[in-house]
Amino acid sequence: MRIDVVSIFPEYLSALDLSLIGKAREQGLLQLTVTDLREFTADRHRTVDDTPYGGGAGMVMKPEPWALALDAARTRGPAGAGAPEQRPVLVVPSPAGEVFTQATARELALREHLVFACGRYEGIDERVVEWSREHFEVRPMSLGDYVLNGGEVAVLAMVEAIGRLVPGVIGNPESLVEESHSDGLLEYPVYTKPALWRDRPVPEVLLSGHHGRIARWRRDRQLQRTAARRPDLVAALDPAGLDRADRDV
Ligand SMILES: Oc1ccccc1-c1ccno1
C-alpha cells in the first residue's frame, strides 16, 4: 500500500516514523510519503491561505497549491504509474465528513493508494474537492463529533488504524480477531500477573484452564461492556450473530 500525506506541518506526522507503522515502512509493507504543501506555492511568502469569499472569520486554504500537491501525490502512486486498476482514494479529514470507523479502516486497508489532505484554518477551498473527483475517489472523513485545529491528528489515527490491518504489519494476525469492533462488540477486560494485586484477584475462571468457560466469560463481558458503554452498537448487532447464551446475558 502506498500512502501520501500533504500538510503545512509535515513534522506533525513524524510519529509515523515510529513503532509499528515505522517498522512496516522499513519492511516495505507501507510506502508512506509526507509532503509540505508550501513546496507547491509560487510566491516568496509561500502563501497557502487567503480571506474567505462571503466574509466571515478566519482564512481559507487556496486551491492552486492543493491541486499541484495532489497531482504530484497521485502520479507518485501505482495509478500514476499507468496502472488503471484503482483510482487513489483522497481522504480529506473534516468535521463535516463521514465518520471513520473500524469498518472504514478495513475498507481502506484494501486499497492500493491513499492520499490524505490535511486542511487547516477554516478549511480547503471547496473547488479542490470538486476538482479532485476527476482523478480520485474523494472521501471527506471525520473522527467524531468534535473540532480539531487541523487534519494532522486525524490522519495519524487513521493511518495507524488502516496500516495495522495491512497483511504482515501486525506480527500475529490472531491479535486482530478479538479487538474492540472486530466483531461489532467492545473487547473484554484483560489481566496479567500477579494473580492478586493490591487485594484485587484475577477472575477465577481465567485461572481455571477451562477454555470453554473462559471463552463464555469473555463473550459475556463483551456483551455487558458493550450494552453499558455503547448501546448503539448493541442495537446494530445482527441477531444471527448471537447465540442463545448471548441472549441470556
Ligand atoms: O476538526 C477538524 C479540523 C480539520 C480537520 C479535521 C477535523 C476533524 C474533527 C473530527 N474529525 O476530524
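1. A quick term before we start: a polar contact is a pair of N or O atoms within 3.5 Å, and within protein one of them must be able to donate a hydrogen and the other to accept it. Keep in mind as you look around that this is a predicted model.

2. Now find aspartate 4, which sits in strand 1 (residues 2–7). Its side chain makes a polar contact with the side chain of histidine 113, at 2.7 Å. The side chain of arginine 76 is another polar partner of aspartate 4, at 2.3 Å.

3. Is aspartate 4 buried or exposed? Its relative accessibility is 1%, so aspartate 4 counts as buried. Leaving out residues up to four places away in sequence, aspartate 4 touches several others, including Thr33, Ala73, Leu114, Val115 and Phe116.

4. Next, look at the ligand. Among the residues surrounding it are Pro93, Ser94, Pro95, Ser142, Gly144, Tyr146 and Val147. The protein covers 92% of the 310 Å² of accessible area that the ligand has on its own.

5. Two backbone spots are worth a click. A polar backbone atom of leucine 143 is 2.8 Å from a nitrogen atom of the ligand. For leucine 148, a backbone N or O atom lies 2.6 Å from a ligand oxygen atom.

6. Last stop: tyrosine 146, in the loop between strand 7 (137–142) and helix 5 (152–163). Tyrosine 146 counts as partly exposed because its relative accessibility is 44%. Together with Phe9, Tyr12, Leu148 and Val153, Tyr146 forms a nonpolar patch on the surface, with about 420 Å² of accessible area in total. Tyr146 and Leu148 also belong to the ligand's surroundings.

Definitions and conventions:
Residues numbered from 1 in each chain as written. Predicted model: local features only at pLDDT ≥ 70, side-chain atom pairs only at ≥ 80, totals over all residues. Heavy atoms only, no water. Patch = residues over 30% accessible without salt bridge, like charges linked within 9 Å, V, L, I, M, F, W, Y side chains within 5 Å. Areas by Shrake-Rupley, 256 points an atom, 1.4 Å probe, with all protein chains shown as cover. Salt bridge = Lys/Arg side-chain N within 4 Å of Asp/Glu carboxyl O. Helix = DSSP H or I, 4+ residues; strand = E, 2+ residues; numbered from the N terminus. Buried < 20%, exposed > 50% of the residue type's maximum accessible area, 1.4 Å probe, protein only. Contact = heavy atoms within 4.5 Å. Near = heavy atom within 4 Å.
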